[in-house]
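Subject: Structure handover

Hello,

Here is the structure you are taking over, followed by notes on what was found in it.

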Amino acid sequence: MTEPAKGPASYFPSIEKKYGRPITEWKDLIRSSPLTKHMELVSWLKTEHGLGHGHANALVAHTLAEDSGE
């Protein structure tokens, strides 16, 4: 039996359901942005793509941690 996702990844099913895009697509968008700071990316996702704060924060946190090898 698999354990439920923890941390930012726990938001992923609801993000995909609410916004209709796979997580990989959101991560690609974040990585292609010229912005690099956490809160800049969160604000960008909120204003340009209509995400809520929690969803944007979870995507950015997970992507930046993944990219830094954490």
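Thr63 is buried, with a relative accessible area of 0%. The model is a predicted one, and every value below is computed from it. Thr63 belongs to helix H4. Apart from residues up to four places away in sequence, Thr63 touches Lys27, Ile30 and Arg31.

**Glu66, also in H4**

Glu66 is another residue of helix H4. Is Glu66 buried, partly exposed or exposed? Its relative accessible area is 39%, so Glu66 counts as partly exposed, because that class lies between the cut-offs of 20% and 50%. With neighbours within four places in sequence left out, Glu66 is in contact with Lys27 and Arg31. The side chains of Glu66 and Lys27 are joined by a polar contact of 3.0 Å.

**Packing of H1 on H2**

Two packed helices are described by the angle between their axes and the distance between those axes. For helix H1, residues 12–19, and helix H2, residues 23–32, the angle is about 90° and the axes are 9 Å apart. H1 and H2 are therefore roughly perpendicular to each other, since angles of 65 to 115 degrees fall in that class. On the H1 side, the contact is made by Phe12, Ile15, Glu16 and Tyr19; on the H2 side, by Ile23, Trp26 and Lys27. By class, the residues of this contact are five nonpolar and two charged, with no polar ones. Lys27, part of this contact, is also the residue whose side chain makes the polar contact with Glu66.

**The nonpolar core**

How many residues does the largest nonpolar core have? It has 16, and those with the most contacts inside it are Ile15, Trp26, Leu45 and Leu59. Each of H1, H2, helix H3 (38–49) and helix H4 (53–67) supplies at least two residues of this core.

Two of these residues also take part in the contact of H1 with H2, namely Ile15 and Trp26. Trp26 lies in helix H2 and, at a relative accessible area of 2%, is buried. Beyond four places in sequence, Trp26 touches Ile15, Tyr19, Arg21, Leu45, His49, Leu51 and Leu59. Counted in the same way, Ile15 is in contact with Gly20, Ile23, Trp26, His55 and Leu59. As a further distance, Trp26 and His38 are 12 residues apart along the chain, and their C-alpha atoms are separated by 15 Å.

**Two serines**

Ser33 is placed in the loop between H2 and H3. Its relative accessibility is 10%, so Ser33 counts as buried, because the cut-off is under 20%. A polar atom of the Ser33 side chain lies 3.0 Å from the backbone nitrogen of Leu35. Leaving aside residues up to four places away in sequence, Ser33 touches Leu41 and Trp44.

Ser43 is in helix H3. With a relative accessible area of 36%, Ser43 is partly exposed. Ser43 and Asn57 are separated by 14 residues in sequence, and their C-alpha atoms are 8.9 Å apart in space.

Regards

Key
Residues numbered from 1 in each chain as written. Predicted model: local features only at pLDDT ≥ 70, side-chain atom pairs only at ≥ 80, totals over all residues. Heavy atoms only, no water. Axes fitted to C-alpha atoms, helices over the stretch in contact; angles between N-to-C directions. Helix = DSSP H or I, 4+ residues; strand = E, 2+ residues; numbered from the N terminus. Parallel < 35°, antiparallel > 145°, perpendicular 65-115°, else oblique. Contact = heavy atoms within 4.5 Å. Nonpolar A, V, L, I, M, F, W, Y, C, P; charged D, E, K, R; others polar. Core = buried A, V, L, I, M, F, W, Y, C linked by side-chain atoms within 4.5 Å. Buried < 20%, exposed > 50% of the residue type's maximum accessible area, 1.4 Å probe, protein only. Polar contact = N/O pair within 3.5 Å; in protein donor to acceptor, adjacent residues only side chain to side chain.
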